[in-house]
Amino acid sequence: MTRYVLKRLAGAVLVLLALSVLVYALFYVVPGDPARLACGERCNPQQIAQVREQLGLNDGVSTQYLHFLQGVLTGRDYSTGTGVQHCDAPCLGLSYQNDQQVTEVILERIGATASLALGAMVIWLVVGIGTGLLSALRRGGITERALTVLTLAGTGTPVFILGLLLLMAVCAYLRWLPFPTYVPLGEDPEQWAWNMLLPWLTLGFFESAKYARLTRSSTLETLAEDHIRTFRAYGVGERSVVARHALRGAVPPVIALSAVDLGTMFGGAVLTESLFGIPGLGKTLIDGVRHVDLPIVVGIVLLTGVAVVLANVVADLLYALADRRVALS
């Protein structure tokens, strides 16, 4: 097991290094002149040249990347024209809009995204696993057909359509809740929970559809294996077969998918955050793209990649704990 963990961690480090090269090249090398983007359309050539010098863009591409990597690992200094600003590690640069450190922007917004992602994950796991398991155990019956229709409808409905339907039904017609307005958890926990309820339901129900399908297929596959038939032949109760043996084979794929989805969500659930006005990383990413704020975009994209890679490592470790054959292979 120790060897397996070390192998996965070493692989994750290599993937993260390759990711940093890809992200840097995609946003800083391919688009054109970042100095013009940082300075703005009204800058003259002399001002653009000054910005290029401040950002270190006169160096070679490899040197620029090494400076970028150095900032992520150990921090770096940036010239602001009137002085030098130190950016602590992990330094992802300074925003073109207000010279604020990208790391500070991310730390300010990641709490809203994390609360959305974690709350939605609880819903998609409970609803998805429960629906998939019930559908597998009631195979061929009317319950299984009804759940299959609901699952297909959930898979085919875009998240913003589902969110709009919930807003109209719950807030406009039934008037059970006011239209949500984000309230930080530290200010008022009760209002935070009530205002996050519809975003949680929207994202949770949207994601639960694929978990229901995965759980159903995994459970049916496990129930068809030889050892399950052997347990039944020896008179083991159906409830014990399902709870102690069938779920053990069906849960690991769900764990792996959930870890990856959670990592992706930490990059920002863009549509859900935009629809409900949640000031998270998804909304920040949209604003960064709109204003061509490359450091903001690069920082959030890189954070998303890191979260997905680390989530994959965690998923692999959980998978190995659930099935020791994975670690021994």
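# A guided tour of the predicted model

Begin by selecting cysteine 87, which counts as buried at 0% relative accessibility; buried denotes under 20% relative accessible area, exposed over 50%, and partly exposed in between, computed with a 1.4 Å probe and protein chains only. The model is predicted, so local features need pLDDT of at least 70 and side-chain atom pairs count only at pLDDT 80 or more, while totals for chains, interfaces and linings use all residues. Residues are numbered from 1 along each chain as its sequence is written, and side-chain values use heavy atoms, with hydrogens and water left out.

**The disulfide.** Cysteine 87 and cysteine 91 form a disulfide with their sulfur atoms 2.2 Å apart, the criterion being a pair of cysteine sulfur atoms within 2.5 Å. The link is right-handed, with 110 degrees about the S-S bond. The structure holds 1 disulfide.

**Leucine 94.** Next, select leucine 94, in the loop between strand S2 (84–87) and helix H5 (102–137). Helices (H or I, at least four residues) and strands (E, at least two) are DSSP runs, numbered from the N terminus. Leucine 94 is buried, with a relative accessible area of 9%. Residues up to four places away in sequence not counted, leucine 94 touches Tyr78, Gln85, Asp99, Gln100, Gln101, Val102 and Pro295, where contact means heavy atoms within 4.5 Å.

Move to serine 115 in helix H5, a buried residue with a relative accessible area of 13%. Apart from neighbours within four places in sequence, serine 115 is in contact with Tyr182, Trp192, Met196 and Trp200. Then select asparagine 195, in helix H8 (residues 189–223); asparagine 195 is buried at a relative accessible area of 11%. The asparagine 195 side chain reaches the backbone oxygen of glutamine 191 at 2.7 Å. With neighbours within four places in sequence left aside, the contacts of asparagine 195 are Phe179, Pro180, Thr181 and Val183.

**Salt bridges.** Side chains of opposite charge can pair when their charged atoms come close. A search of the whole structure finds 4 salt bridges, each defined as a side-chain nitrogen of Lys or Arg within 4 Å of a carboxyl oxygen of Asp or Glu. Select lysine 210 and aspartate 261, whose closest N and O atoms are 3.0 Å apart in a salt bridge. Lysine 210 lies in helix H8 and aspartate 261 in helix H10 (residues 238–265), so the pair ties together parts that are 51 residues apart in sequence. Lysine 210 is partly exposed at 33%, whereas aspartate 261 is buried at 9%.

Continue to aspartate 287. Its side chain meets that of lysine 283 in a salt bridge (3.9 Å, N to O); the two are separated by about one helical turn because they are 4 residues apart in helix H12 (residues 281–290). Arginine 290 also forms a salt bridge with aspartate 287, at 2.8 Å between the closest N and O atoms. Arginine 290 counts as exposed at 55% relative accessibility, and aspartate 287 as partly exposed at 24%.

**The nonpolar patch.** Finally, select Phe160, Ile161, Leu164, Leu165, Met168, Tyr173, Leu174, Trp176 and Leu271, which form a nonpolar surface patch with about 940 Å² of accessible area together. Helix H7 (residues 159–173) supplies the largest share, 6 residues. Patches comprise residues with over 30% relative accessible area and no salt bridge, like charges being joined within 9 Å and nonpolar side chains (Val, Leu, Ile, Met, Phe, Trp, Tyr) within 5 Å; accessible areas come from the Shrake-Rupley method with a 1.4 Å probe, and for residues only the protein chains shown count as cover. Tyrosine 173, in helix H7, counts as exposed at 66% relative accessibility.

Definitions and conventions
A polar contact is a pair of N or O atoms within 3.5 Å; within protein, one must be able to donate a hydrogen and the other to accept it, and residues adjacent in sequence count only if both atoms are side-chain atoms.
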